[in-house]
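Notebook open, ligand sites first. I'll jot down what I looked up as I go.

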Amino acid sequence: MNNSQREIITATVPILREHGVALTTHFYKRMFSHHPDLKNIFNMGNQKTGKQQQALAMAVLAYAEHIANPGVLLPELHRIGHKHVSLEIRPEHYPIVGNHLIASIKEVLGEAASLEILEAWEIAYNQLADLMMGIEAGIYKDQTNKKGGWTGWRPFRVKEKVKESDEITSFYLYPCDGENVISHIPGQFISLRVFLPDLGLNQARQYSVSSVPNEHYYRISVKKEFNPNLNINGMISNFLHDHIQTGDLVDLTAPIGNFTLEPKKACR
Ligand SMILES: Cc1cc2nc3c(=O)[nH]c(=O)nc-3n(C[C@H](O)[C@H](O)[C@H](O)COP(=O)(O)OP(=O)(O)OC[C@H]3O[C@@H](n4cnc5c(N)ncnc54)[C@H](O)[C@@H]3O)c2cc1C
Ligand code: HEM
């Protein structure tokens with residue numbers, strides 16, 4: 001990226017921020033209409049509430065703001081990388097997001113979006129995507145190299161379902177292949193994916209591993225989510241409580257997350 005492209009990026013960030021809601025709404029609508037399969041990866045609850053809907057596009061703007069010194073964003077990019085790997089985001093997804101983001105910038109800004117502006121944004125996005133793909137490749141490699149390690153979705157059987165309270169139920173999850181699992185670090189989470197017949201989609205959510213670290217199974221403890229003002233149940237937590245029984249299968253990605261307890265400190 002040359003200096004004049006860097007200047008273009010810096011000058012257009014505030015304009016795009018101003019159009020933040022329009023930009024992200026347009027972006028998701030556009031991307032899902034071309035790639036309805038991606039609805040299986042994104043959280044459709046967030047899409048309805050608008051919560052976190054802006055996270056992806058806003059992170060691109062935040063990166064652009066720090067285009068001269070992207071190093072300051074590295075801790076945040078690692079955190080996002082953990083979330084992405086837990087949802088099995090792969091390099092082939094990045095050009096799809098890039099194309100729809102740049103097209104959305106063009107469509108939302110209209111005539112104000114000159115060729116130079118669009119070209120500079122494409123370069124900025126690709127730089128960020130390269131950085132993220134590199135971080136994620138490292139995390140995928142780490143997961144493969146661990147004892148019991150795997151990447152992507154692995155089928156697990158619910159061996160036990162224990163009601164802890166009116167709101168919380170624990171699920172004991174064992175891998176269907178009978179092999180080892182990664183012994184997690186306290187504080188890490190897994191993503192769990194189920195098929196929701198009402199939606200006709202797979203949906204994934206994150207749950208902290210609540211068992212003691214071991215190589216055979218994971219326990220998760222799920223709170224039934226409910227929005228009393230609108231009388232709306234959370235999709236996955238209620239599906240797990242009401243429909244998933246002992247013997248059923250769910251898909252899990254490997255434990256992940258760097259917000260963990262240090263083993264020595266945990267013992268004191
Ligand atoms: C790292 C991490 C670890 C986690 N660990 C745990 C854990 O150990 N245990 C646990 O129980 N949870 C945990 N969570 C939260 C969990 O991932 C889910 O977010 C939670 O189960 C809710 O998912 P859901 O599908 O039931 O709700 P969603 O369908 O995603 O809905 C979320 C909320 O929005 C409301 N809502 C849905 N649709 C609408 C609408 N149209 N308008 C207004 N409101 C609406 C729902 O009532 C609900 O309260 C964790 C999350 C993260 C990120
Ligand atoms: C440079 C490009 C990208 C950036 C900057 C980015 C940024 C982000 C951020 C900030 C979050 C929120 C993390 C959190 O707080 O938990 C997020 C979540 C997510 N991202 Fe990305 N992302 C990028 C590319 C992608 C791609 C290519 C995909 C796949 C098509 C993707 C799919 C997701 C999904 C599914 C979530 C979880 C939120 C949800 O389910 O709605 N992202 N991303």
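I started with the classes around ligand 1: the shell has eight nonpolar, nine polar and four charged residues. My classes are Ala, Val, Leu, Ile, Met, Phe, Trp, Tyr, Cys and Pro as nonpolar, Asp, Glu, Lys and Arg as charged, and the others, Gly among them, as polar.

Ground rules: this is a predicted model, where local features need pLDDT of at least 70 and side-chain atom pairs count only at pLDDT 80 or more, while totals for chains, interfaces and linings use all residues. Residues are numbered from 1 along each chain as its sequence is written, chains are lettered from A and ligands numbered from 1 in the order in which they are written, and side-chain values use heavy atoms, with hydrogens and water left out.

I then listed who surrounds ligand 1: 21 residues, with Q206, Y207, K223, I236 and S237 the closest. A residue counts as near if one of its heavy atoms lies within 4 Å. Both domain 1 (3-145) and domain 2 (154-267) supply at least three residues each to this shell; the bounds come from an automatic or database domain assignment. The largest share, four residues, comes from β4. Strands here are DSSP runs of E, at least two residues, and helices are runs of H or I, at least four, numbered from the N terminus.

Next I checked polar contacts (N or O pairs within 3.5 Å). A backbone N or O atom of Q206 sits 2.6 Å from an oxygen of ligand 1, and one of I232 sits 2.8 Å from an oxygen of ligand 1. For S208, a backbone N or O atom is 3.2 Å from a ligand 1 nitrogen. Taken alone, ligand 1 exposes 980 Å², and the protein buries 73% of that (Shrake-Rupley, 1.4 Å probe).

H84 belongs to helix α5 (residues 74-86).

Methods
A polar contact is a pair of N or O atoms within 3.5 Å; within protein, one must be able to donate a hydrogen and the other to accept it, and residues adjacent in sequence count only if both atoms are side-chain atoms.
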